[in-house]
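Welcome to this short tour.

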Amino acid sequence: MLPATLSPAAIALLDHLPALPEVLLLAGTCALMIVDLFVKSERRDATFALAYAILAGCALATLFALTLAGFDKYYLFNKLFVADLMSHLLKLAAYIAVALALAYSRRYLYDRGLLKGEFISLLLFALLGMMIMMSANSFLTLYMGLELLSLCLYSLVALNRDSAVSTEAAMKYFVLGALASGMLLYGMSMIYGASGTLNIGEVSRQVGNLSANASERTILVFGLVFMIAGVAFKLGAAPFHMWVPDVYQGAPTAITLVIGSAPKLAAFAMAIRLLVNGLLDMAVDWQQMLVVLSIASMAIGNITAIAQTNIKRMLAYSTIAHMGFMLLGLLSGVVDGNWLNKDDAYSAAMFYTVVYVLMSLGAFGMLVHLSGRGYECERLEDLKGLNRRSPWHAFIMLILMFSLAGVPPTAGFYAKLSVIYAAVAAGQIWLAVVAVLLSLVGAFYYLRVVKLMYFDEPAGDAQAIPDDRMPRMLLSANGLALLALGIMPQPLMSLCFAAIKGL
Amino acid sequence: MFETVLFYLFAAIMLVAALRVITARNPVHAAMFLVLAFFTASAIWLLLRAEFLAIALLLVYVGAVMVLFLFVVMMLDINIERLREGFWKNLPLAILVGGVMMVEMFLVLWGRVFGVAPGPTARPAEYSNTKELGRVLYTDYAFAFEIAAVVLLVAIVSAIALTLRRRKDTRRQVPAEQIRVRRADRVRLVKMPSEKE
C-alpha cells in the first residue's frame, strides 16, 4: 500500500497519525470560528454543517487510526500522549454524544437567542479537552485536558448571562471546580514527589517499587486521597456532589445536556488512566476509598432524588447515583490482592459509562425537545399526560426511564447487572446487596415519571409539542438504541472488554 | 548556613502574608498581602536557583495579574458585612475539616521535614536557566505547551462570549464617518423670503 521509500518528513507525519483526530478538530474549530463571523443567518446553518463535517472527519480519522493500529498501543509526543483501543473507542462515543447534543439543542438555543457561534466552538474545544484526557499518558496532559474541558463548560453554563440562576450556577461550578482541580494537582504533585516522574507508565513502575517502603507509601497514599477527591468531584460522586444539582438545574437545559453527557466519558477515562494505568499497585488503598464514594453516591443520589419536583434536579441526583454504580465496577477490579476479576470489572464500568451517557443524552434531549419558545419543560407536572398529547414521545421517554431505572430488557438493566455481577464475582456480596436495594429505591422516582405520563390527565396549561423532525428522529434512534443494546449487549461489551484488555 | 536563614525568613514572611490574605478585612489590603506572598515566593525560587521562574513570577503575577486584580477590587463595591454573613455559623465545620487535613499533612510530612534533600548545587556562570527551560518546553513538553495555548484561546473566546454586548443605546464615535462627512450632510441652506420689520 505504501511506497517502499518514504522521505523522513513523511515518516514523521505517519508517526503522528494517531493524533490526527485532535489535529483535525483543533484546526477545524479554529476555521469554524472564522467562518462563523461571516455567517449571517440567525439559524447558523453553515456553522452547524461545518461542525458536523469536523466531527465526521474526526470519526473517520479515529477509525483510520484504529484500523491501522489494531490492538497496538502508540506513544506520541515524547510519551505525553497514548493511542490505545480504549482511547479510540471513548473518542468515537464522545463524537456521537457531541453530535447528538448539537442536534438536540439547536432549536432550544435558537428560541432563546443563545444560538451563537461561541456555543459551537466552545463545545468543540470541550471535546478536544476530553480527547486529550482520554489519550493522556502523563499527569501533565491529563491536567491540561481537564482544564481545557472545564474552562469550556464553565463558560457554557454562564452563556445565558441575563439569567441570574445561570450565572449563579456558573459561579458555583467555577469555584468548586477550581478547588477540585487544586486538590487533584496537589495529589499529583505528592505522587510526583515520591516517584519523581509525571509519566503515568513510569509512575506505575516506580509505585511498584516504592509501595514496599512504609514512609514512601504514606506519601503515595496521601497523594492518592487528594487525587481521588479530584476525580470524584469531576465525576460528581458523593460527598463531592454538591455542585451537580445546582449546576444541572441552573444551566439552560441544552447546556445541562452537554455537561451531563460526554464529559462523563472523559471523567471515566481520567479515573482509568490515574488509578488503573498509574496506581494499580495501590489498589488496596483506593479500592476502599471508592467503596465509600460508591455507597454514599448511590444512597444520597437515589434517596434525595425522590424529594425533587424539578426534573432537571431529579436527573442530577440520578447522575450522582449512576456514578456510584459506575464506581462499583471500578472498585471490584482488585479486591484483596485478587487480580483475576480486573478486566471484567473495568469493562463493566466502561460499559456502564457509555450506556449512561446514551441515557442522559436521551433524557435531557427529551426535556430540551419538549421545551418550546418561552416555555421550559422542567417540572414533573409538565410531563403529566404526555401519552395523550403524543404517544410516541411518551414511549421514548418510557424506554429512557426504564433504562435509567434498570428495568429489563433495556441497556440500563444490563449495565447494572454487569457491575453488580462484577462486585459479586469479587466476593463483595454485601456491597452488591446494598446496590440492588438502592436501585430499587431509585426505581420509584423513575416509575413516577412513567405514571405521570401514562395515568395522569394533562395539566391545563400544557403546551403543544414543538414539531421538529430531525431531533425527533434522533431521539427515537437514541431510545431504540438503548432497547437494542439491552437485548444485544454483547458487541459493545466485548469492545469494552478488548479496550480494557489493551490498556 | 546563610541561605538556610534566608529561607526560613522568606518562608515565615510568606506564611504570614498568605494568612493575612484570607484574614484581612479590607480587600485591597488582602490583594497587597498577596503581592507580598508572591514576592517572597519568588525570592525562595531564587534561592533554589530557578532564576527564570522567579523573574517570571514577579513580571507576570505581581506586575500584571495583581495590578489588574487591584483595579477590579477597587472598582467593585464589596459589602464586607454581607461577605462575613454566616462566618461564625460555618466556622466549627471549617475548623474541623481544616484541622483534620492539617493533622494528616503533619503525620505524612513530619518525617520528611528535616530530611529534605540538599539544595541544588551552584552551576557554572555560563549555565542558562532560561535556555534549559526553553529547551524542554519546546521539545519534551511541546504537546502540553500547545494545549496551554489552546486553553488561552478558549479563555479569550469565552471572555468575549460572556462580556461582549452590542448595546443599541450607547453613543459612540465612528471616526470613518466623521472623516467622510461632506458639507451637505451638516449644513442646509434654506431659502427664505426677505422680511421687513
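## Two domains in chain B

Domain bounds, as used here, come from an automatic or database domain assignment. The model itself is a predicted one. For chain B, the assignment gives domain 1, covering 1-78, and domain 2, covering 127-162. How many Å separate the centres of domain 1 and domain 2 of chain B? Taken over C-alpha atoms, the separation is 23 Å.

## Where the chains meet

Let us turn to the place where the two chains touch. On one side, 32 residues of chain A take part, and they are in contact with 24 residues of chain B. Between them, chain A and chain B bury about 2600 Å², and 79% of this lies on carbon and sulfur atoms. Which residues of chain A lose the most area to chain B? They are Met144(A), Arg161(A) and Phe222(A), which together make up 22% of what the chain A side buries.

## Helix H15 and its partners

Now for some helix packing within chain A. Two packed helices are described by the angle between their axes and the distance between the axes. Helix H12 (residues 262-278) of chain A packs against helix H15 (residues 342-370) of chain A at an angle of about 165°, and their axes are 8 Å apart. Angles over 145 degrees count as roughly antiparallel, so H12(A) is roughly antiparallel to H15(A). The crossing of this pair is right-handed. From H12(A), the contact involves Ala262(A), Lys264(A), Leu265(A), Phe268(A), Ile272(A) and Val276(A). From H15(A), the residues taking part include Tyr346(A), Met350(A) and Tyr356(A).

H11(A) contributes Thr253(A), Ala254(A), Thr256(A), Leu257(A) and Gly260(A), while the residues of H15(A) include Tyr356(A), Phe364(A) and Val368(A). In the contact of H11(A) with H15(A), 7 residues are nonpolar, 5 are polar and no residues are charged.

## A parallel pair: H13 and H19

Are helix H13 and helix H19 of chain A roughly parallel or roughly antiparallel? Helix H13 spans residues 283-306 and helix H19 spans residues 429-455, and their axes come within 8 Å and cross at roughly 25°. Because angles under 35 degrees count as roughly parallel, H13(A) is roughly parallel to H19(A). H13(A) passes H19(A) in a left-handed crossing.

Among the residues of H13(A) in this contact are Val291(A), Ile295(A), Met298(A) and Asn302(A), and among those of H19(A) are Trp430(A), Leu438(A), Phe444(A) and Arg448(A). The residues of the contact of H13(A) with H19(A) divide into 15 nonpolar, 4 polar and 1 charged.

## Prolines and a loop lysine

Pro391(A) sits in helix H17 (residues 391-405). Leaving aside neighbours within four places in sequence, Pro391(A) is in contact with Leu386(A) and Tyr454(A).

Two cis peptide bonds can be found in loops. One joins Ala238(A) and Pro239(A), with omega about 0°, and Pro239(A) lies in the loop between helix H9 (214-235) and helix H10 (243-250). Another runs from Pro408(A) to Pro409(A), with omega near 5°; Pro409(A) is in the loop between H17 and helix H18 (411-425) of chain A.

Lastly, Lys79(A) has a phi near 65°, a positive value in a residue other than glycine. Lys79(A) belongs to the loop between strand S1 (74-76) and strand S2 (81-83) of chain A.

Definitions and conventions
Residues numbered from 1 in each chain as written. Chains lettered and ligands numbered in written order. Predicted model: local features only at pLDDT ≥ 70, side-chain atom pairs only at ≥ 80, totals over all residues. Heavy atoms only, no water. Axes fitted to C-alpha atoms, helices over the stretch in contact; angles between N-to-C directions. Helix = DSSP H or I, 4+ residues; strand = E, 2+ residues; numbered from the N terminus. Parallel < 35°, antiparallel > 145°, perpendicular 65-115°, else oblique. Left-handed = near helix turned anticlockwise from the far one by under 90°. Contact = heavy atoms within 4.5 Å. Buried area = accessible area lost by both parts, 1.4 Å probe. Nonpolar A, V, L, I, M, F, W, Y, C, P; charged D, E, K, R; others polar.
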